[in-house]
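Me: I have a new model open on my screen and would like to learn how to read it. Could you walk me through it, one feature at a time?

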Amino acid sequence: MAGQINNVGLIEVPMGITLREIIYEIGGGIKGGRQFKAVQTGGPSGGCLTAKHLDTAIDYDSLVAAGSMMGSGGMVVMDETSCMPAIAKFYLEFTCEESCGKCSPCRIGNKRLCEMLEKITDGRGTMEDLQELRNLAAVIKDTALCGLGQTSPNPVLSTLDNFWDEYVEHVVDKKCRAGVCKKLMRYEIDREKCIGCGKCAKGCPAEAITRTDYTAPGHKLASMVIDSEKCLKCGACIGGCKFGAISVK
Ligand code: SF4
Ligand code: SF4
Ligand code: SF4
């Protein structure tokens, strides 16, 4: 049992125990009082289940019926700081490395899935890609030669089913609600809060912060602005601003 829970470790539980009992009673709940978002069961080829599955009993058939599997018996708990398209990509990259290459659905198909997920998490995806992602994942599941390939699309299919809105946000709004996908982040300065001290500009490795000609009421110096084309999304400026003027959107 691993991930964003208070008690991580190796546990032995009876069949029939629920995900909720494991996560909240044995695992001690979500770290930092954050919200539960998903739990992936069964190792890298398992599906990502949501709050609506928390009362699912842990047994072979129930986990498969919910869209995941028993697999290795592993369990990774995620909170709202996890981005589900990025999670699907992470697990699929692992499968690509493990693929022996004997059959093309797994060897080539999973690579294509990875490329599509990269496009989506980079903010270059389209609604057509989402459909293509689902179609190809289903074909790989049906046609791969062994269990590795047949289960490898589970993280993709389960996140498409359970976190569809998050995929749509990535391709339509070019937004990552978890703040994980760097290319979709925008660092912004609130010109009304910025006192124009210039500290952020001095520490910016990309020289992306410059002074505007606007001075907010009550301040003596003009505010600063970030050029998002130049910004490397390193995050150095945000922690250094004592006035809380910089945020990530
Ligand atoms: S599905 Fe199995 S046989 Fe086919 S490439 Fe993947 S690991 Fe090899
Ligand atoms: S550090 Fe904060 S207050 Fe100072 S210039 Fe930068 S954004 Fe403005
Ligand atoms: S995130 Fe980094 S690169 Fe971007 S403006 Fe801030 S300091 Fe500069």
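Me: Let's start with one residue: why does C231 count as partly exposed?

Reply: The general idea is to count neighbours: a residue is buried if 20 or more other C-beta atoms lie within 10 Å of its own, exposed if 12 or fewer, and partly exposed in between, with C-beta atoms placed from the backbone. C231 has 17 C-beta neighbours inside 10 Å, so C231 counts as partly exposed. C231 sits in the loop between β7 (224-226) and α10 (236-240). Helices (H or I, at least four residues) and strands (E, at least two) are DSSP runs, numbered from the N terminus.

Me: What should I know about the model and its numbering?

Reply: This is a predicted model, in which local features need pLDDT of at least 70 and side-chain atom pairs count only at pLDDT 80 or more, while totals for chains, interfaces and linings use all residues. Residues are numbered from 1 along each chain as its sequence is written, chains are lettered from A and ligands numbered from 1 in the order in which they are written.

Me: Which residues does C231 touch, not counting those up to four places away in sequence?

Reply: Two residues are in contact if their C-beta atoms, placed from the backbone, lie within 7 Å. By that rule C231 touches Y187, A206, A208 and I226.

Me: Now a helix. What do I look for in α5?

Reply: Start with length: the expected span is 1.5 Å times one less than the number of residues. Helix α5 (residues 127-143) has 17 residues and reaches 25 Å from its first C-alpha to its last, close to the expected 24 Å. Next, look at its sides. An α-helix has 3.6 residues a turn, so residues three or four places apart point the same way. In α5 the buried residues are L130, L133, A137 and I140. They cover an arc of only 95° around the axis (the arc of the directions from the helix axis to the C-beta atoms), which puts them on the same side of α5. The face turned away from that buried side carries the exposed residues M127, E128, Q131, N135 and D142.

Me: What covers the buried residues of α5?

Reply: The cover includes α4 (104-121), α6 (147-151), α7 (154-162) and α8 (164-173). One residue of α7 is T159. With 28 C-beta neighbours inside 10 Å, T159 counts as buried. T159 touches C48, M84, P85, I87 and A88, leaving aside residues up to four places away in sequence. The C-alpha atoms of T159 and L49 are separated by 8.1 Å, though these residues are 110 apart along the chain.

Me: Where does α1 have its buried residues?

Reply: In helix α1 (residues 19-26), L19, I22 and I23 are buried. Their arc is only 90° around the axis, which puts them on the same side of α1. Their cover includes β2 (36-41), β3 (48-49) and β4 (75-79). After α1 comes G28, with a positive phi near 75°.

Me: Finally, how is the whole protein laid out?

Reply: The protein has ten helices and eight strands. Of its 249 residues, 36% count as buried. An automatic or database domain assignment gives domain 1 (1-82), domain 2 (83-184) and domain 3 (185-248).
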